[in-house]
Amino acid sequence: MNYLVIALYVISFALFIYGLMGLTGPKTAVRGNLIAAVGMALAVTATLIKIRHTDQWVWIIAALVVGVVLGVPPARYTKMTAMPQLVAFFNGVGGGTVALIALAEFIETKGFSAFQHGETPTAHIVVASLFAAIIGSISFWGSIIAFGKLQEIISGSPIGVGKAQQPVNLLLLIAAIAAAIVIGLGAHPDAGGVSLWWMIGLLAAAGALGLMVVLPIGGADMPVVISLYNALTGLAVGFEGFVLDNAAMIIAGTVVGAAGTLLTQLMAKAMNRSLGNVLFSNFGETSAGGGTVAGTQKPIEASDAGVMMAYAQKIIVVPGYGLAVAQAQHKVWELAQLLIDKGVQVRFAIHPVAGRMPGHMNVLLAEANVPYDEVFELEDINNEFAQADVAYVIGANDVTNPAAKTDPKSPIYGMPVLDVEKAKTVLFIKRGMGSGYAGVENELFFRDNTLMLFGDAKKMTDAIVKALAH
């Protein structure tokens, strides 16, 4: 039976890797996701076979049923607009689960003093379990705050305690580590363990740290936060897998942790921040800095925008969160197809942190069947804006703000942005007159070559389609 378990684990590992490879492109993403899901099903099956002699089957089956009931409906019915917060929430649930497992291990083994696990050194298991507890608790509470900011339950603006922020965070980290040391010293069989309150204190301090790290982060930096906490959750799962002697958890956690770390580095680079700055500074903390933007926004009707597009030779579409909110991806692709039929070259430009999570815009465009070879990342398309007759910007606010290149006082100064202002004409769809998610006024709105289309992105694009059709 052990050979069957090992075989199932090996197959599941291979499916995890193969599925992850499929997620590198929209054409293979659905298949890759299904392959990874099959791998997880095999890993769960192998784990159930491994613990077949347990007398807790009622609880195990109940937990599986509850997991399916609570997990399937949100994943199936959540709109793409809300997918980032769903990812943040599910990621947090993973971290919270690891923290609860560590708590259960503490209780079951009387403060780890009665922990016997084969020939594995007890000290190693205790350290791994405590580390998983700290990281899991940080990930859970941090992800909950990220969810709240994305769902706009909590203000997207930075919430902190000013200059005391870093000292407070350091004290919370020291408190969590101190509790871990006390628990570790009491884990020796002769010590007989320590009070449960030490473990609760550890989880509370780590949880408070998770809250205090994310609260000062502005909503515009949530893509970095999501990828960072994804890495932390994977790391916690891997360590808890070592504690439970579960190979599936070790491999899956390592893969998720490595992928999340690489993604965090890419997101930090896209925001022009080092990984060290992300980890140890109040990244995303904005201020009222930046010069006052002078000028007037110039509105335009959809019919006039349609005429301009009809006579254009090259149009670059820049999707942002406005497209996600309006669910306008299908209508935008309909517009693009209509223009292509008229001989207009249409391309799509995506900023790495456009939207609310890494790859948000890529997923939306793939859902509308936009050809992948017509979708370009910032570094591949930026030099083409100068040759474009029209840049059609759909709610991509902060990632198109020229202040990132021109205003040293701006909170987003230094962030690579799309050079849409270089197009002959910029048509910018926006729901209102307000600033972007980062709370920064966009200089682009007041440029001489920018015309504003105020309204819902889907309705405005549909109006342009109708204008072109006539």
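1. A quick definition to start: buried means under 20% relative accessible area, exposed means over 50%, and partly exposed lies in between, using a 1.4 Å probe and protein chains only. Please keep in mind that this is a predicted model, where local features need pLDDT of at least 70, side-chain atom pairs count only at pLDDT 80 or more, and totals for chains, interfaces and linings use all residues. Residues are numbered from 1 along each chain as its sequence is written, and side-chain values use heavy atoms, with hydrogens and water left out.

2. A search of the whole structure turns up 10 salt bridges, each being a side-chain nitrogen of Lys or Arg within 4 Å of a carboxyl oxygen of Asp or Glu.

3. Take glutamate 334 and lysine 331, whose side chains form a salt bridge at 3.0 Å, N to O. Both sit in helix α13 (residues 329–341), three residues apart, about one turn of the helix; helices are DSSP runs of H or I with at least four residues, numbered from the N terminus. Glutamate 334 is partly exposed at 35% relative accessible area, whereas lysine 331 is buried at 16%.

4. In helix α17 (residues 457–469), aspartate 462 and lysine 466 lie four residues apart, about one turn of the helix. Their side chains meet in a salt bridge at 3.3 Å, N to O, and lysine 466 is partly exposed at 48%. Salt bridges with shared partners link Lys331, Glu334, Asp462 and Lys466 into one network.

5. Finally, have a look at aspartate 419 and lysine 422, with a salt bridge at 3.7 Å, N to O. Aspartate 419 is buried at 10% relative accessibility, while lysine 422 is partly exposed at 46%.

How values were computed
Helix = DSSP H or I, 4+ residues; strand = E, 2+ residues; numbered from the N terminus.
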